[in-house]
There are 2 protein chains.
Amino acid sequence: MAPQPLIKSRQTEKIINGVSTQVICTEFSNYIFIVLTQYGKIGTLISITPDSRSGDISSSMFTTKVLLGKDEALTHVYAKNLVTFVSQESGNRPVLLGLALKDSSLETMKVVKDMIKSCQVW
Amino acid sequence: MAPQPLIKSRQTEKIINGVSTQVICTEFSNYIFIVLTQYGKIGTLISITPDSRSGDISSSMFTTKVLLGKDEALTHVYAKNLVTFVSQESGNRPVLLGLALKDSSLETMKVVKDMIKSCQVW
């Protein structure tokens with residue numbers, strides 16, 4: 001029998017505006033787990049779940065829920081903005097996201113999103 | 001300047017009673033993240049947090065909370081049994097545990113605990 005594949009995990013690091021930024025993506029069968037951190041922390045933990053009717057027309061809908069940390073309106077916006085594409089690309093799998101960014105500027109978000117793409121495990 | 005260390009993550013795999021079992025441990029500054037899985041899933045997600053007064057006399061106390069999945073009494077027992085030592089060894093850091101075991105026999109628990117020890121990232 002061939003050996004079972006191990007859990008796929010990739011990470012990358014970049015300095016964004018002088019701040020060391022780490023991205024780690026790990027694939028589970030029922031979740032993609034992603035941490036985006038500028039503090040080395042997991043930070044706010046958010047689940048991003050596609051609604052069951054998604055995948056048909058135009059942009060699908062997502063439910064976001066803060067599991068750990070401060071539940072702020074903007075956190076939900078950032079979470080959707082950052083990882084909706086991961087769910088879509090991974091067969092509508094939910095995403096578990098740890099978010100600990102000092103800087104939430106559009107420019108930083110764009111770079112972080114590219115970092116996620118470079119750690120594709122799905 | 002020396003390069004920042006990347007996020008430390010280790011994993012291992014073992015066949016326990018014919019069931020492929022994966023363990024992955026990842027270190028964050030505020031959490032140790034551990035997944036124990038026999039399904040490739042994250043499974044039930046539990047936070048195990050040492051009470052603030054812990055660390056002084058005898059065995060410290062822990063608060064467990066199910067963040068995702070079914071909240072069953074035994075889940076809290078298994079979680080404490082499996083990862084209390086991780087928190088103690090890592091300077092009382094909380095543990096975020098994904099638990100997806102088919103088999104919760106004492107024998108399996110013992111092997112899984114040894115697997116966690118072999119993936120020490122703290």
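Trainee: How many residues of chain A are in contact with chain B?
Mentor: In this predicted model, 28 residues of chain A touch 28 residues of chain B, where contact requires heavy atoms within 4.5 Å.

Trainee: What makes this a meeting through the same surface?
Mentor: Of the interface residues of chain A, 100% are interface residues in chain B as well, so the copies use the same surface.

Trainee: How much area is buried between chain A and chain B, and which residues of chain A supply it?
Mentor: About 2,400 Å² is buried, with 69% from carbon and sulfur atoms. A:Ile7, A:Phe28 and A:Ile42 give 21% of what chain A buries against chain B, more than any other three residues.

Trainee: What polar links are counted between chain A and chain B?
Mentor: There are 6 residue pairs in polar contact, both residues at pLDDT 80 or more. The salt bridge count is 0; a salt bridge needs a Lys or Arg side-chain nitrogen within 4 Å of an Asp or Glu carboxyl oxygen.

Trainee: Which elements and classes make up that side of chain A?
Mentor: β1 (9–16), β2 (19–27), β3 (32–37) and β5 (62–68) of chain A each give two or more residues. By class, the side touching chain B has 14 nonpolar, 12 polar and 2 charged residues.

Key
Residues are numbered from 1 along each chain as its sequence is written. Chains are lettered from A and ligands numbered from 1 in the order in which they are written. This is a predicted model: local features need pLDDT of at least 70, side-chain atom pairs count only at pLDDT 80 or more; totals for chains, interfaces and linings use all residues. Side-chain values use heavy atoms; hydrogens and water are left out. Buried area is the accessible area (1.4 Å probe) that two parts lose on being put together, summed over both. A polar contact is a pair of N or O atoms within 3.5 Å; within protein, one must be able to donate a hydrogen and the other to accept it, and residues adjacent in sequence count only if both atoms are side-chain atoms. Helices (H or I, at least four residues) and strands (E, at least two) are DSSP runs, numbered from the N terminus. Ala, Val, Leu, Ile, Met, Phe, Trp, Tyr, Cys and Pro count as nonpolar, Asp, Glu, Lys and Arg as charged, and the others, Gly among them, as polar.
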